Structure formats: C-alpha cells, structure tokens
Protein chains: 2
Amino acid sequence: MWEERIRHAKLRERVVSADEAAACIQDGMTVGISGFTRAGDAKVVPSALAERVKKTGEKLRINLWTGASVAEEVDRTLVEAGLVARRMPFQSDKRMREAINQGDVMYVDQHLSLTVEMIREGQLGNLDVAVLEAIAITEDGWLIPSTSVGNSPTYAMTADRVIVELNTHQPLDLEGMHDIYVPGPRPHRDPIPLIEVSDRIGTPAIPVDPDKIAGIVITDRDDHFSDLAPPDGDTERIAGHLIEFLEHEVRSGRLTETLRPLQSGVGAVSNAVLYGLRESRFHDLQMYSEVLQDAAFDLLDTGRLRFASGCAITLSPGRARDVLARLGDYRAHVVLRPQEISNHPGIIRRLGVIAMNTALEADIYGNVNSTHVLGTHMMNGIGGSGDFARNAYLSIFVTKSTAKGGRISSIVPMVSHVDHTEHDVQIIVTEQGLADLRGLAPRERARLIIERCAHPDYRDALREYYEAALRLGGHTPHVLEQALSWHVRLRDTGSMHP
Amino acid sequence: MWEERIRHAKLRERVVSADEAAACIQDGMTVGISGFTRAGDAKVVPSALAERVKKTGEKLRINLWTGASVAEEVDRTLVEAGLVARRMPFQSDKRMREAINQGDVMYVDQHLSLTVEMIREGQLGNLDVAVLEAIAITEDGWLIPSTSVGNSPTYAMTADRVIVELNTHQPLDLEGMHDIYVPGPRPHRDPIPLIEVSDRIGTPAIPVDPDKIAGIVITDRDDHFSDLAPPDGDTERIAGHLIEFLEHEVRSGRLTETLRPLQSGVGAVSNAVLYGLRESRFHDLQMYSEVLQDAAFDLLDTGRLRFASGCAITLSPGRARDVLARLGDYRAHVVLRPQEISNHPGIIRRLGVIAMNTALEADIYGNVNSTHVLGTHMMNGIGGSGDFARNAYLSIFVTKSTAKGGRISSIVPMVSHVDHTEHDVQIIVTEQGLADLRGLAPRERARLIIERCAHPDYRDALREYYEAALRLGGHTPHVLEQALSWHVRLRDTGSMHP
Ligand SMILES: CC(C)(COP(=O)(O)OP(=O)(O)OC[C@H]1O[C@@H](n2cnc3c(N)ncnc32)[C@H](O)[C@@H]1OP(=O)(O)O)[C@@H](O)C(=O)NCCC(=O)NCCS
Ligand SMILES: CC(C)(COP(=O)(O)OP(=O)(O)OC[C@H]1O[C@@H](n2cnc3c(N)ncnc32)[C@H](O)[C@@H]1OP(=O)(O)O)[C@@H](O)C(=O)NCCC(=O)NCCS
C-alpha cells in the first residue's frame, strides 16, 4: 500500500525504520519538523529519538523548529526526555510551557510568517535535519504534505537532510489541496501573485532534492486532535456583539454582506465566534486564515462560506473523521498554503482581511496581551496574531471579561505584557459588549473600553484608576505605581479583587 | 510668473487670497493638509484661518489631518488659537504636544502607512477640505507636489473640496521627482508593482478632479526647516558599532557590500548614523525610507548611495538651499512617493529593508518605547517606525544609553510604554555597544542588552533587577512591583538614580 504512495521508484529503497531515521539526529543539531496546530506533525521519529536517548543515556540536546504547536507525542516526549535546548516559533503544550517558564528551554516566540524568511537568509543558523510528514512522494521526489503545510517548504529547501514520515493513514484525497509557493530571494523579489483568496499560485507538492532524502519512515496514525470547548453563553454573547457590529458596518455602507476575507484565531472563543456566523445574514463569505477549525467546515457545509484558505486543518476528533472522509466535497473550496503565505503581511493588507484574535487581557487603552500570564509566564506564543492584527482591514480582539471564575479581570489598567499595541487593535469584544476604537485617542478609548467591555464587578475600580491617572495628565494617563498592582494582587492573593 | 505654473487655463480663474480660501473651513470640519516632517506643508491657509477666528471670535474647532509633522506656523498657530479638536496621524510640535498631553487635543497616533487605507474605506469619517501645497498644476488640473508627497494623493481623491497652495518659491525642478501611486480598492487589489527601489510605478502628478478645486492661493515661501544637532561622540560611537556589525554580516556572507535597501528614522541620531556610512566600505547603497535628511544627500554626493526613495525631503536650511539649487543632479537618483508606498508593509517585506529607528527607551527584553515619556506623555508619535520595524529584513533600534545628563537610563527593567515588541526588535545599539538579539529567548536577550547596551552607571542595578526577577521565574521574568519603579523614581525625584 505505501509503495504506491512513493511514485519515485528509487526512493522506495530509502524506506527505513523510525529508529534508523532518528539515528541521523545528533547532539547540538537543529531539527525542523512539520506540524501546525497539531495537524500534520512528524509522529514517530521524535519519539524514536527519545527512546534511543533513554536507552543509550547519551547527552543530546537539539534545537527544535516546527510550523506551530505540535502534538504531545512530540513536544512532551522530547521535553520530558530533556532533549530540547531551544524551541521555535510556537507551542501550546503544558510540559513544554513549564520547561520554558523554568528557563530550561530557550523559547523563541515569533511572528509565524517571519521564521522562514530568517532561516532562508541564514539569520538563525543551519538546519541539519528536517522531519516532514507527507501523504505521498511524487515522481520527482517532491512531498505532498498532509493536514498542514506550515514551514515545511522552507525546511525541505534548506535542511541538509530530509526524513519523510509517509503517513498512510492520511487520506490521499488531500492531494491537490495544497498550494506551495515560496517567495523568491530578496532584494529583487517579485510580488506574490495572490489576488483572490482562492488563487492557486504554486505547486501541489513541496519541491525537494531527492538526493537529500535520507530516509522514509512509513507510519499509519491519526493526527492528535482534541475536542474544543463548545460555545457557551459568554462566547455566544461575544459572537452576538460582533455580528451586530458587522451588520451595522453593512448598513453604514462600509461593508457588503459578503464582508471581507475573514481570519479567525485558534481556540474555543474564536471557534465559537465563527460558529455564530452560521445564523447571520452574511453570505458568500471567504476565509483567509491560519488554522481551519470545526466552525470553518460547518460554515462550508451550510454554504455560507464559499472558500477557505489556511495553512492547517485542525479539527475535533469526531469532525475530523467526517471531514477527512468527504475531502472530495471540500476540494474546490479549501486550499492549504505555507504559513508564510497564509500569514503574509503584504497579502493580508492587500486582501483587507477582517482579523479576529483572542486576548488574555486588554488594557483600558486597547493594548493587548495574548501570551504572558502575569506578564512573566508564557502561555502559548504570539503565533500569527501579529501578522494579522497589524495588517488587517479590521483588527478585532475577543476575550471573556473575566477569567478563573471572576478572580481575574481581563480588562486591566495596564497590560502586564504587550503583544499588540493600541495601534493594532481596533475593536475589543467581551460578553459585556463591543468597543469600536477606530479613530479614537487614548482618553476616548479608555471610557469606551471600561463602560462597554469590562465586567461590572471591576468597572468601578477601573473608573477610579482612570480618574486618578487623569489627574496626573498625559496623552495616555497612568498612575505608574498602581499600573500593575492588579497583577501583583493576583499573584499574591490569587485574585484581582481588592 | 505663477500663471505659467497653472497649465490648466480655466483654473487660473480660481486664484483667491488665503483669507478667501480659509473661508470655506467651518466649525466641525475635517481638514487634511499636505506636509511631512515640515516639508511641503500648506503654509498660509491655516494661519489665515487662525487670523479669521481671532477677528470674528467665532467658535471653530476642526479635525486636523496631515502627512506627518508640520511646521510651527501650522500646528502651533492653530493650537494656540484653540482651533484643533483632533489631530492625526503624527506631530512633533512643542505646543501641540502640550495640548495633547493636557487632553485638549484628541491625538490619534497612527502607523503612517495606514491612515489613508482607513480614510478611503470610510473608517475615519468624511474629509471636508484638503489644503495641498503644489509647485504647479498640470493641463489636466492635477497637482505636482513640492518637497513631500505624504497623504496628499488620498486627500485630493477623497476631500469634498481642494484648496491648492501654489508655492512659487519651490523650484519647478522638483517636477518629475514624484511617483504617485494609489493602490486599488480592496478586496480585489492588484499587487503593487514595485520591485526595485528605483521603480516608477505611477504618475508624476496627483490626480484631482479640477471641479473640486475651490481655490488656488499663490504663495512664495520656504519650507520651515531647522538645523539638526550635529553628530557627537555618542552618535559617532553608535554609528561605529553599527558599521562594525554590518561589516561582520558581510564577512559572514549574509549581506554583500551593497547591503540591503536602508531606512533611517528621523532625528539627529538617525542622521548621524547614516552619516557614518560615508566612511564605510559599503557602496552602491540604496535607501527605501520615509524622510530623506541631510545625510542622504551627503551620501548621494559622495556616490556611495546610488538611489534614495522617500516620501519627503527634510533638510537643514543651509543644505536645503544647496540641494534645491541642484535638483537636476539628483533627479535620476531620488524619487518621492506617497507615505502609504514609502512605508508599505508588503513592499518593505518584499525589498528586505534594513530599518534603523530611534528608541526613547528599551527594556532588558528588547521591547521599545519610541513615544511616551514616563509611559504617559506623548513625545511625537509612532510615525512610520512600526511600518518598518515589523516588516524589515533587519530591525535596528538606536538610542543613547542615557538621557538628560545621565539622570535617565534608556535601558530599563520594563519599558513604560510599548511601541515595538521584542518580536520587532532585532538589534539594539547604544554608544556602549550592540546587542544582536536574533534567535534569542528573553533570558538570553536580557544578559546581552544589560552587558552590551546599558550605561555602566546603571548596569549593576539592572543586573540586580534581573537576578531578582529570575528567582520568580517565567519566560520573561519580572518583579512586577518594581518593574516601573525606575520611572516612578524619575517622576518623583527627577532622576532614575537610587
Ligand atoms: C490567548 C489564548 C491563550 C486564549 O486561548 P483560548 O483557549 O481561546 O481562551 P481561554 O479563555 O480558554 O483561555 C485559556 C486559558 O487562559 C486563562 N486566562 C484567560 N485570561 C487570563 C488572564 N487574563 N490571566 C491569566 N489567565 C487567563 C484561562 O483561564 C484559560 O486557563 P486554563 O487553560 O487553565 O483553563 C490563545 O488564543 C492564544 O494562545 N493566542 C495567541 C496566539 C494566537 O492568537 N494565535 C492565533 C493567530 S492566527
Ligand atoms: C524617539 C525620538 C523622540 C528620538 O528623537 P531624537 O531627536 O533622535 O533623539 P534625542 O536623543 O534628541 O531625544 C529627544 C528628546 O527625548 C529625550 N529623551 C531621550 N530618551 C529619553 C527617555 N528615555 N526618557 C525621557 N526622555 C528621553 C531627550 O533628552 C530629548 O529631550 P529634549 O528634546 O528635551 O532635548 C524620535 O526618533 C521619534 O519621535 N521617533 C518615533 C517616530 C519615528 O521613529 N519616526 C521615524 C520612522 S521612519
């Protein structure tokens, strides 16, 4: 069965075991693996490596590069075995997060569109080995990726050696869904010729020099997807406010009922918001996004969404079975691109994307923290949120107004860490309401965010802070000694409540 | 003499006095004027408006939009007369700054490439009147701008009425230096066809419907340029570190001796750094920048710089006389573009620009504050620094390690305001040294920034802070209750010294 998937006859001779493949990974190497939001990861070579080190007791620490977050069996396995010295550019694993926050792993959290530019131009060092999942290898020895594209095209191009994990479990019907395009070298680069969300500008497979393929490991495994929290009252209210706002934009003539290409962040809140569009009056929608989650396919099924461009398909396990069995139905409506293209600043700006991302906390002036709990502890990473928020037609951030049962206010005097400055945040939505910050100065933003978005339990305290700050003056008034006091209180007492 | 400059015969009949032109500006209107870094501003209509209000005592408050900063005779005159309700998107005038920090003027500080996108799409309200300086009006009634292009093309396109300030003092030789291109409407926009720094992709004049031209005011005035602080020992050392770094990049094969297109921010430090390149080994340089200052023309004169693309020419008065008299020499080597193109994220990314901007302060993790003194008081604005830093091949920030005679450390535990997150800051340079932060995690960045960039007087205190923060852990360790304490001390005692 796998034989047919290797259409380049000579490459059939390179089939090896996971252990044999892992043997080419040595201490100090940089290893780039496929995988984006747990879709299309390398699945067996990383564990084989961990097993080997456990057996041999050898000292081995690698730099691990991915597309974005990968499954537990990669991040957790490697980090628990103590094998990860450095990690780039995004993760969302509990154990990896702990190691990062303890300073055991040096984590380089990056705009997801940027990593490969830097790698191709030699700014991040040499890539020794790439381990890339594929569903098939073409006659030319090129790789057809599976459920994500991520950074694989550049890893294939720049790695000294490439190991392929040929996953026979991933449906061959994925073939033709990918569009692989790598921008030319700078400074004489041609414009990327993508004008419509549905444009195909590249090849269906990832170019790779067959001589670099050091081994092909045959696997037969599901992606490690997990269930998303279902929409709840709060996320439904967030979606409601957002849809009301978009309807208002249509009435005012700024948007039509087909809106603009939509981007929707990862996670439960984003999924719920997108889900909310099912019942809206909008039609012929398009997505130009990063990860396509359950809600994207729900919208495709109802016909409300006409086309979805992303760089990975990450579904709940139940939905995955269904979608992967009906890929033929989606082929004309879905394209998967390298993350450098799905998240490209120039294209996001050109298309005029409506970007919806999630904040951990926002401050009264509209600065957003998406990554650092208490300003210090990394949650996941900035991911693609900066690529989209900075360049969008409309940059929207959603968050529930409180977290941890009300002990945390997600609207604070000053965010404890800034990922998105007020310049990149135009709309903030919580279940309490929506603040449209376009064209407003900080003092105007503050009133709106406090009154529209903050939870009533924290509104008075925010008003008090703001009034005290106003007495000290400034374009962006603050009482510096109190600006982070809510976080100090949370750290010391477990709650932001006074 | 002015007659020849109005080549559209019928428009000659629209010549009016400044007072007559100002008469069409009424209370509550939005007025968009030309001008970028004090080059090419509207020079007489704003003052005529202020005069009128002084005489009539009428209540009048306007929204004032510009390209970027404008001369005193605009910002100061209008703000002292109490006529400015709102200001967008950049300023650098002392009186305007005071009014902003007192909350008298609502200031919308914006990425300079973004304003016109939002205006064209109706997100910032209607533009009632545009007042645009021109050196001539073409046979078609189009405007040939003077020393800056700024936002004028979109102001001409979207304003209900256009007033032209035809400045006969500005040399006609400027004609042919401009390249006016306005990207098409979204979401079906074609790629902007600019591939080489020197490409001309538009027209030499700004399209405008002649019927909208409500009046033409003849003026005869210099731009209000002022002298730049000359390079000093510190700025020379900053330039020295930077050149050494760039030479190292050439030796390592990442760059060639022609480097990449250079962007250099405004101000004395940026000018001095660029000036430092005169003595370097680099050649055939190109600039893809915002403002072309004295040093750009010095480099053109020595032949080290081959081509400079910008959106404004802002010179010291002495240099201006010389350059404006020899425009013919520069015609083949200089192009002026709309700020939306000079600062376009997609083009900056495509060209792979080396961006050099100035920080007020940076923190030990590499976050940069370019705008807010003590986190509250606006200095100028973010300007184009975000357009460049986010999308550059290399994003460099320069600053002296101390300010105000050593009472302020420009390297602090946590910046009091974030304009550029660690993701957008790859190199930090002070007169003390250079920190190359590429591919480093926050803990690694901290050690490098403290040891390489901080002033020796503050290094121990920074090390102590960092060690204390490390004990609390986290990806980006902080002692939250002390993070802003240096700023509190400065506010209360006039110095950051303990
Ligand atoms: C911000 C982000 C962490 C939110 O994730 P989510 O799953 O949608 O949101 P949740 O409300 O479930 O919050 C996740 C956790 O953060 C906690 N949290 C939320 N707000 C918090 C706050 N202000 N302070 C501390 N913790 C907070 C929640 O309690 C929850 O904790 P748990 O995992 O222990 O239950 C996530 O969207 C993210 O990583 N974003 C950055 C990257 C990104 O935007 N990618 C998409 C770009 S295309
Ligand atoms: C950051 C910026 C203000 C620096 O300006 P500059 O003229 O190069 O630098 P200077 O060292 O002269 O500093 C300007 C003033 O800030 C003060 N200053 C510098 N660092 C400071 C700090 N950390 N805290 C408080 N004040 C500080 C200086 O003392 C000086 O004050 P003065 O005017 O009273 O003498 C200026 O570059 C700017 O506005 N940048 C933002 C916009 C931008 O980058 N545009 C270009 C993009 S293309």
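Which residue in β22(A) stands opposite A:Ala355?

Mentor: The residue opposite A:Ala355 in β22(A) is A:Ser395. Before going further, note how the names and values work. Residues count from 1 along each chain as its sequence is written, while chains are lettered from A and ligands numbered from 1 in the order in which they are written. This is a predicted model, where local features need pLDDT of at least 70, side-chain atom pairs count only at pLDDT 80 or more, and totals for chains, interfaces and linings use all residues; side-chain values use heavy atoms, with hydrogens and water left out.

The mean pLDDT (the predictor's confidence in each residue, from 0 to 100) of chain A is 97, and 100% of its residues reach 70 or more. The model has an ipTM of 0.98 and a pTM of 0.98.

Now the strand itself. A:Ala355 belongs to β17(A), which runs over residues 354-358. Strands here are DSSP runs of E with at least two residues, and helices are runs of H or I with at least four, both numbered from the N terminus. Four of the five residues of β17(A) are buried, so the strand is largely enclosed by the rest of the structure. Buried means under 20% relative accessible area, exposed over 50%, and partly exposed in between, with a 1.4 Å probe and protein chains only.

Two strands pair if DSSP finds at least two bridges between them. β17(A) and β22(A), residues 394-398, pair in the parallel sense over five bridges. Strand β11(A), residues 262-264, also pairs with β17(A) in the parallel sense, over three bridges. There A:Gln263 stands opposite A:Ala355.

Three strands form it in the order β19-β18-β25, with mixed pairing. Its edge strands, β19 (368-369) and β25 (411-412), each pair on one side only. Strand β18(A), residues 361-363, pairs with β25(A) in the parallel sense over two bridges. In that pairing A:Asp363 has A:Val412 as its bridge partner.
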